[in-house]
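These are my notebook entries on a structure that I am opening for the first time. I keep them in the order in which I looked things up.

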Amino acid sequence: MAGESASVTLAGTAFVELAAPGVTKGAALARLAERLGVGAGEVVAFGDQPTDAPMLAWAGTGVAVANAHPAALAVADEVTASNDADGVARWLERALPPTGTWP
């Protein structure tokens, strides 16, 4: 039992993740975005595990893959195809302009 010394999260069936209280992927992404001058509304995040939930919730667009953990699916704004079916790549291909059209 970690008590107040650490945050404990199951990551899949075989892994346990420990972090200091308040340290999450969402907090890290928020800090990086602030340093870069990027607002949450301009950020797209992808995830599939409970440890991704704070990041998906913080981002302007949180995308979970179809076979994500229920905790990630619950906070996602969108759900794409599973990671086994190239869900992130499919989402990016749909959302981004065709190659060669960027400034």
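This is a predicted model: local features need pLDDT of at least 70, side-chain atom pairs count only at pLDDT 80 or more; totals for chains, interfaces and linings use all residues.

Which residues does Ser82 touch, not counting residues up to four places away in sequence? I found Val65, Ala66, Asn67 and Gly87, where contact means heavy atoms within 4.5 Å. Ser82 sits in the loop between E5 and H4; helices (H or I, at least four residues) and strands (E, at least two) are DSSP runs numbered from the N terminus.

Residues are numbered from 1 along each chain as its sequence is written, and side-chain values use heavy atoms, with hydrogens and water left out.

Entry on salt bridges. I searched the whole structure and found two, a salt bridge being a side-chain nitrogen of Lys or Arg within 4 Å of a carboxyl oxygen of Asp or Glu. In one of them Asp52 pairs with Lys25, and the closest N and O atoms are 2.6 Å apart. Because Asp52 lies in the loop between strand E3 (44-47) and H2, and Lys25 in helix H1 (residues 25-36), the pair ties together parts that are 27 residues apart in sequence. Asp52 is buried at 5% relative accessibility, whereas Lys25 is partly exposed at 37%.

I then looked up Glu78 and Arg94, whose closest N and O atoms are 3.3 Å apart in their salt bridge. This pair links distant parts of the chain, with Glu78 in strand E5 (residues 78-80) and Arg94 in helix H4 (residues 87-95), 16 residues apart. Glu78 is partly exposed at 29% relative accessibility, and Arg94 is exposed at 57%.

Entry on Asp52. Leaving out residues up to four places away in sequence, I list Lys25 and Gly47 as what Asp52 touches. I also checked Asp52 against Ala81, 29 residues apart along the chain, and their C-alpha atoms are separated by 17 Å.

Entry on the nonpolar core. The largest one has 10 residues, among them Val43, Met55, Leu56, Val65 and Ala76; such a core is a set of buried Ala, Val, Leu, Ile, Met, Phe, Trp, Tyr and Cys residues joined through side-chain atoms within 4.5 Å. Helix H2 (53-58) and strand E4 (61-65) are the elements that give two or more residues to this core. Beyond its neighbours within four places in sequence, I find Ala76 in contact with Gly62, Val63 and Ala64.

Entry on the largest pocket. A pocket is an open set of points on a 1 Å grid over the protein atoms alone, where a 1.4 Å probe fits, with protein on both sides within 12 Å along at least five of seven lines, and lining residues have an atom within 4 Å of a point. I noted a volume of about 180 Å³ for the largest pocket, a volume being the space filled by probe spheres set on the points. Its lining includes Ser7, Glu17, Lys25 and Pro54, and E2 gives the most to that lining, with three residues.

Methods: Buried means under 20% relative accessible area, exposed over 50%, partly exposed in between (1.4 Å probe, protein chains only).
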